[in-house]
Amino acid sequence: MRLLGRRKALGIIIIMSMLLAVACGKHEPAVKKTSEEVYFSPFFFAGNGAMAENYLLYYSDRMYRIFDVKTQTDIPYCFEPNCTHKAPIWDFTGKLLQDGCPAYKFEQTPILHGENTIWFTGTELIRGDREGKNRKTIATLEIPQGLPWGMIYTDKDFFFVYTQADEYTKEKDKNGNEYWLPGERLEKPEVGIYRISLETGEQQYVCRFWEYDANIRGGFYYNNHLYFGLTYSTKPYIAPGLSASDEDTDWNAITEENRKYRVQKWYSYDLTSGETVCLVEKEASFKEGFFGNGFLCVYDSEEKSSEWFDLTGGKLRDREIRISSGTVLAIDNVSIYRLRDEKKHYQVFEMYDVVNDKVLRHVERGGSALGINSIQAVIGNSYYVLVNYPDGESHEAFISEENFWNGAWDKAEIIGGEE
């Protein structure tokens, strides 16, 4: 197996569908049969993207688009013949005045599932045909909408990783429509994982925690297990008192006092047995973690401490590297991350073989007009990246694996935009 071969992460879906039977203006119609492992990623667009071995389904300029890495084809996710790919037009009341391209009509990222398409509207989980038509509701959400959450799809289930800080009640408006109304603030927020069966629509809480100042992060699927992180305090949060000036409040003292009681834990949940196991626990406020297929990395974005564990919680090794917060990507047993280097003030990336404890690639890029802030995904032999320009503009782009590690970042190709 090639080192960056199969990309398995974050909720695997086996699909068998016609991906690019599209008639698209300047592009010739293309038909592609494929059977690939597709996964949903929360790393970019606040979760608005689905990736497979050789294509990316993503959101840009109010429409969903599909990019095929092999053919370098970037087109709207639309299957209508002779479509102009224009946006729908509504009046101020929300009434549809002019129909538009189907690529604009998905409320959230469509996920290919078998010969169907599945997506979430914010209140309902919907299944349609490949084009998003013939829609049927799999389930109407029985938990409050609007909670901070991550989403994970598998071949049979849809999971929410959520944080609920308020007590909610279900109300009805004058037309009989139900909605959730936030009420009293919870002393101990509820965090956990919620499950909806894609086959039956059955809903259930997978696991729940109630702790002071709690929040749940991550959400990773691997080998019939869900993995996630939990951060909380053992004592109530100490808030600064009201005063006429910030000078009257010792913010540093309050911050340090709160840090004393912060705890971070990383868990696994067995989908077969229903057992939840704490893998690693740390008493620290700046610790972060990310999962790969077979490992967990716990790191401190301020210090040089980076600890690596297997997925039973067994210690693999320590490494003195300073990983920049939120810029990590785990693929198979390889991790790609951006290093935090305050002296050089430019981007430094490494590719690390976790199993063999070996740095495989290293690149430093400084003094260039173009910079790469982060790698959002690895698809085939290309990287999907966020590119920064001197004028402050940021764009999504693709760059080949070879060009990235050779520092030829000016060869990144911007994607997205209306036809």
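How many bridges join strand β22 to β23, and in which sense do the two strands run? Nine bridges join them, and they run antiparallel.

## Basis of the model

This is a predicted model: local features need pLDDT of at least 70, side-chain atom pairs count only at pLDDT 80 or more, and totals for chains, interfaces and linings use all residues. Residues are numbered from 1 along each chain as its sequence is written, and side-chain values use heavy atoms, with hydrogens and water left out.

Strand β22 spans residues 225–233, and its residue G229 has W266 of β23 as bridge partner. Two strands count as paired if DSSP finds at least two bridges between them. β23 also pairs with strand β24 (residues 276–282), in the antiparallel sense and over six bridges. In this pairing Q264 stands opposite K282. β23 and β24 form a hairpin with five residues between them, and G274 in the turn has a positive phi of about 80°.

## Aromatic pairs

A pair of aromatic rings is described by the distance of the centres and the angle of the planes. Rings of Phe, Tyr and Trp (its six-membered ring) pair if their centres lie within 6.5 Å; planes under 30 degrees apart count as stacked, over 60 as edge-to-face and the rest as tilted. By this rule the count comes to 24 aromatic pairs. One of them is F295 with W308: the centres are 5.7 Å apart and the planes are at 50°, so the pair is tilted. F295 lies in strand β26 (residues 295–300) and W308 in strand β27 (residues 305–310), so the pair ties together parts that are 13 residues apart in sequence. F295 is buried at 1% relative accessible area, and W308 is buried at 0%. F295 and W308 belong to one aromatic cluster with F290, Y299 and Y352.

Y384 and F398 form another tilted pair, 5.4 Å centre to centre with 35° between the planes. Y384 is in strand β34 (residues 382–388) and F398 in strand β35 (residues 394–400), 14 residues apart. Y384 is buried at 0% relative accessibility, and F398 is buried at 4%.

## Charges over rings

A charge sits over a ring if NZ of Lys or CZ of Arg is within 6 Å of the ring centre and within 35 degrees of the ring normal. K188 lies over the face of Y212, 4.7 Å from the ring centre. The charged end of R208 sits over the ring of Y205, at 3.7 Å from its centre.

## Cysteines and a distant contact

The structure holds zero disulfides (a disulfide is a pair of cysteine sulfur atoms within 2.5 Å). For C78, the nearest cysteine sulfur is that of C101, 3.8 Å away. C78 is buried, with a relative accessible area of 1%, and C101 is buried at 1%.

V328 is found in strand β29 (residues 323–331) and is buried, with a relative accessible area of 7%. The C-alpha atoms of V328 and Q376 are separated by 8.6 Å, and these residues are 48 residues apart along the chain.

Technical notes:
Helices (H or I, at least four residues) and strands (E, at least two) are DSSP runs, numbered from the N terminus. Buried means under 20% relative accessible area, exposed over 50%, partly exposed in between (1.4 Å probe, protein chains only).
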